[in-house]
Amino acid sequence: MTETPGPPPANDPLSSGGSEPLVPILRVDDDQLDAVALATWHGALSNTLAVEVPHDLMALWLYPSPGGVVLLGPTELAQDDLPIPLPNPHLKPEQLTSLEQIVSGAGYGSVTCLPVGFGKRDVALLLVADLRAGQYGAVERVVLQCVAQRIAPMLGRIARQWKPVEGSSSRHQERIAGLLETLAQANREATPQRFLGAISPGLALILPHEHIELLVSDPAGKRYFRLGEHPGGPMWRDPSLIIERDHLDIADIFGAEERLLLGDTYEDPRWPRGFLTAGEPAGADIRAVVGARLDLRGNIPAYLLVGSIGPELYREEDAELLRLFAGLVTPQIAGFLLVDEPATAPSPARPVESNPHAELFFRIAGLLATTPEAAVAIQLIASEARAALPYDTLTFALRMTQTDRVVLLEAGEQRPLAQLPLVSVAGTALGRTLRGDLPCAYAQNGSETQMIVPLRVAGRIHGALIFGSESPGALTEHHVVPAQHLANIVAAHLELFRRGAMLPHPTVSRWRSDRKTVI
């Protein structure tokens with residue numbers, strides 16, 4: 001967390017009559033990073049900064065959320081071979097000193113660099129150098145710190161939006177795998193507080209945040225319980241964890257939507273400023289919020305919220321990602337409610353009887369939550385679902401591109417998804433189901449029967465389950481409903497595997513995104 005500094009000391013170089021430097025800010029549109037605009041902005045920043053901090057070189061590197069380091073400018077520095085330190089999550093003083101010494105050895109008389117921090121990590125590195133010696137003292141350092149503070153929110157957003165160049169997907173896959181591994185370990189935690197604390201670091205790898213919250217409504221919808229802060233035992237007995245709806249009406253903020261995206265809570269009168277972070281240091285107010293509604297047994301709504309101290313940080317794809325993640329943690333959270341439900345709540349000890357296979361499907365969901373490997377998950381689904389559906393074969397179709405091509409895999413497949421061949425399904429029943437033209441597909445050809453149901457996450461279809469039977473009359477149209485229930489349960493987990501295997505597409509290809517950038 002960042003803390004608001006106290007009054008400047010008497011010897012502060014900017015405490016007497018000085019003005020803050022003029023800093024140009026680049027407006028970055030969603031999903032669009034323009035190379036020319038970034039280069040132009042870098043040049044403008046260098047020119048304005050030169051008035052108060054003279055320099056022959058001003059270099060700026062970005063630390064994208066997917067990992068690595070990217071040279072934003074000047075592009076001429078790409079000809080040299082200088083190792084750029086990586087934050088973990090912050091740069092260390094000895095790393096900065098080492099970099100300054102290397103640049104000084106190249107002939108610059110004055111060199112200084114400092115990290116640009118945003119939230120809980122450093123998002124960029126700023127370096128200035130001059131051929132003359134003795135140019136940078138306390139005043140220049142303070143000016144650079146002011147500049148870093150001004151550009152930090154903008155660079156934080158760019159770091160979130162940055163898509164790595166093709167071929168650097170391994171770090172993206174590592175983060176997806178890390179999230180699944182974290183989730184598998186977190187499911188061993190026995191209390192809601194420890195569970196939420198365990199999943200937060202893994203989720204931060206792909207959805208950076210400073211605050212995570214889990215709110216559960218009471219049956220009457222008049223109060224919310226901060227389940228993520230609950231250390232265990234009966235719920236609703238600690239008044240400090242109870243939020244009255246008059247203070248924060250999260251149901252009203254969500255409305256009829258399953259997910260939430262707030263660019264800036266300061267501009268939304270429904271969100272009380274500093275309400276959920278009152279016990280944290282100054283400067284920890286949540287500005288950007290993304291949330292997902294959880295569908296729990298017993299019709300008790302719950303809300304998973306993730307927040308950042310920087311406004312306008314999250315986008316629609318982040319809301320979709322959190323909705324996907326919420327589907328993975330729902331079984332464990334539902335388990336906490338069964339143990340810690342309020343005394344006035346009805347007992348949802350068993351699933352709704354209208355779905356006789358609900359208990360089986362929830363058990364499958366719980367097992368998947370402890371399974372970080374795709375091959376194991378596929379085998380688990382294929383074997384466990386036979387108790388509800390009479391099929392001979394179960395094939396998983398996953399869309400790896402935006403076209404009508406998919407990968408097909410069955411239980412026992414050990415190859416990574418990215419290494420499986422793409423198969424065109426254009427014009428087929430599977431293709432029409434994936435496009436949403438058909439809600440499902442059922443066909444009989446002699447003694448063979450095929451049934452297809454879509455895998456849908458946050459309203460989007462990313463794949464399908466294909467059931468096959470060679471026994472006449474075994475697989476009927478009545479099995480479409482339980483098959484779709486199964487697909488809804490496993491879709492979120494399969495979607496994470498799919499995302500981890502997909503190759504990101506480059507947005508700006510002229511810059512490197514390696515662990516070592518040359519200047």
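**View 1. Cys440, a partly exposed cysteine in a predicted model.** Cys440 has 26% relative accessibility, so this residue counts as partly exposed (buried is under 20% relative accessible area, exposed is over 50%, and partly exposed lies in between, with a 1.4 Å probe and protein chains only). Residues are numbered from 1 along each chain as its sequence is written. Because the model is predicted, local features need pLDDT of at least 70 and side-chain atom pairs count only at pLDDT 80 or more, while totals for chains, interfaces and linings use all residues; side-chain values use heavy atoms, without hydrogens and water.

**View 2. Cys113, a buried cysteine.** Here the relative accessibility is 1%, so Cys113 counts as buried. Across the whole structure, a search finds zero disulfides (pairs of cysteine sulfur atoms within 2.5 Å).

**View 3. Helices H8 and H9 meet.** The axes of H8 (residues 358–368) and H9 (residues 374–384) come within 10 Å and cross at roughly 165 degrees, which means that H8 is roughly antiparallel to H9 (an angle over 145 degrees, on a scale from 0 to 180 degrees between N-to-C directions, with axes fitted to C-alpha atoms over the stretch in contact). Helices are DSSP runs of H or I with at least four residues, numbered from the N terminus.

**View 4. The residues between H8 and H9.** Leu360, Arg363, Ile364, Leu367 and Leu368 of H8 make the contact with Ala377, Leu380, Ile381 and Glu384 of H9 (heavy atoms within 4.5 Å). These residues divide into seven nonpolar, no polar and two charged, with Ala, Leu and Ile among the nonpolar types and Glu and Arg among the charged ones.

How values were computed
Helices (H or I, at least four residues) and strands (E, at least two) are DSSP runs, numbered from the N terminus. Angles under 35 degrees count as roughly parallel, over 145 as roughly antiparallel, 65 to 115 as roughly perpendicular and the rest as oblique.
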